[in-house]
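Reader: Please take a close look at the aromatic rings in this structure. I would like to see where they sit and what else lies along the chain around them.

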Amino acid sequence: MSLPFLLEIGTEEIPDWMILPAINHLRDLFQDLLDRTKVAGTISAVDATPRRLVLRAEGLTERQPDSEELVLGPPKSAGSGAATGFAKKMGATPDQLGTETTPKGEYFSFKKHLKGHATIDILAAELAQLILKIPWPKTMYWNGKGSERFIRPIRWIVALFGESVVPFELAGIRASNITQGHRLLGKSEIPITIANFEQQLQVNGVILPASKRREKILEGIITLLSDAALLSEPRPEGGVLNVRPDPALLETLVYITEFPTPILGGFDSQFLELPSEVLVTVMRHHQKYFSVEDEKGNLAPHFIAVMNTDSDSGGLVRDGNERGLRARFNDARDRKSTR
């Protein structure tokens, strides 16, 4: 019989640029575990958000296969007494021994039968160290110097083999079947199964697959700018608005959010007197906003920000983003005027 496996490592927010390498290393480390222990199974997915690294596997056998180990004993020239002693040590009789020829001569030998361990026991013994082996550019202590190190404090661990919790502990956190939702949109304790894991996260404000978060951002921009190609919406000011494509910024936004929602903001058109390169740099690098252009490719007095929540009631988030951007633009204009 084969069973699915789920591992979720819940943490404080991980820097976006570290996440993809981490889940790739997690995949490699788990594949090495399967290979070393000869547990059959395939890794079906690795996913991540800023607060969780997730690995799923299918078809893991319930036990390792049995195996044989060839054990060499004393030289054959040592005689029957040595053979009897070696056989007793192996739990056998002398007639069950064989011989092996080596460069040093003939030796008594015994093929020792090794019964395979239960897969859940292997996972319990291996997973804590496997998690700590994920390489990071830097790590931190959070339980005091000399304790475990990780990129960010580990707050919960989900480890399920079929319907059973894999029993292990890391940094004072015991593995369980309890996950956490979005900080604002979800519950802090959510019992899950492997079958309903992703659905329960979605209900609690977490879109687990990066591909779906990316799609939600792009579709949100389409809605904001009313064009299937991310191009164009007539505005009362006149003209057509186009988003300036920025794949690298898009990937950053995918990995700093669990429930991304784009919003459209604006700024005083007087700031357009500054070089467009300055404005775009401020929006992109300082604020993580998409720039917006008019139908002629000129910078428009709008931007698209991506919230990590589901709505902007009353426009408070948009207003805050606009105030922050206005302050940045004023700083840029003051620096330009002093040159």
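Author: Happy to. Helices (H or I, at least four residues) and strands (E, at least two) are DSSP runs, numbered from the N terminus. By that rule, Asn24 belongs to helix α1, which covers residues 16-37. This is a predicted model, so local features need pLDDT of at least 70 and side-chain atom pairs count only at pLDDT 80 or more, while totals for chains, interfaces and linings use all residues. Residues are numbered from 1 along each chain as its sequence is written, and side-chain values use heavy atoms, with hydrogens and water left out.

Now to the rings. Searching the whole structure gives 5 aromatic pairs (centres of Phe, Tyr or six-membered Trp rings within 6.5 Å; planes under 30 degrees apart are stacked, over 60 edge-to-face, the rest tilted). One of them joins Trp136 to Phe150 in an edge-to-face arrangement, with 5.3 Å from centre to centre and 75 degrees between the planes. This pair links distant parts of the chain, 14 residues apart: Trp136 is in the loop between α3 (119-132) and β7 (140-141), and Phe150 is in strand β8 (residues 149-150). Trp136 and Phe150 are both buried (under 20% relative accessible area; exposed is over 50%, partly exposed in between, with a 1.4 Å probe and protein chains only).

Tyr289 and Phe303 make a stacked pair, their centres 4.4 Å apart and their planes at 15 degrees. Tyr289 comes from the loop between α7 (276-286) and β18 (290-294) and Phe303 from strand β19 (residues 299-307), so this pair ties together parts that are 14 residues apart in sequence. Tyr289 has a relative accessible area of 3%, so the residue is buried. Phe303 is buried because its relative accessible area is 0%. Elsewhere, Phe267, Phe271 and Phe329 come together as one aromatic cluster.

Lys288 is not a glycine, yet its phi is positive, near 60 degrees. With 32% relative accessibility, Lys288 is partly exposed, whereas Tyr289 is buried. You will find Ala171 in the loop between β11 (169-170) and β12 (173-174). Its relative accessibility is 11%, so Ala171 counts as buried.

Thr37 lies in helix α1 and is buried, with 8% relative accessibility. Leaving aside residues up to four places away in sequence, Thr37 touches Gln64 and Ile122. Asn24, also in helix α1, is partly exposed at 40% relative accessibility. From Asn24 to Ser226 the C-alpha to C-alpha distance is 36 Å, and 202 residues separate the two in sequence.

Conventions:
Contact means heavy atoms within 4.5 Å.
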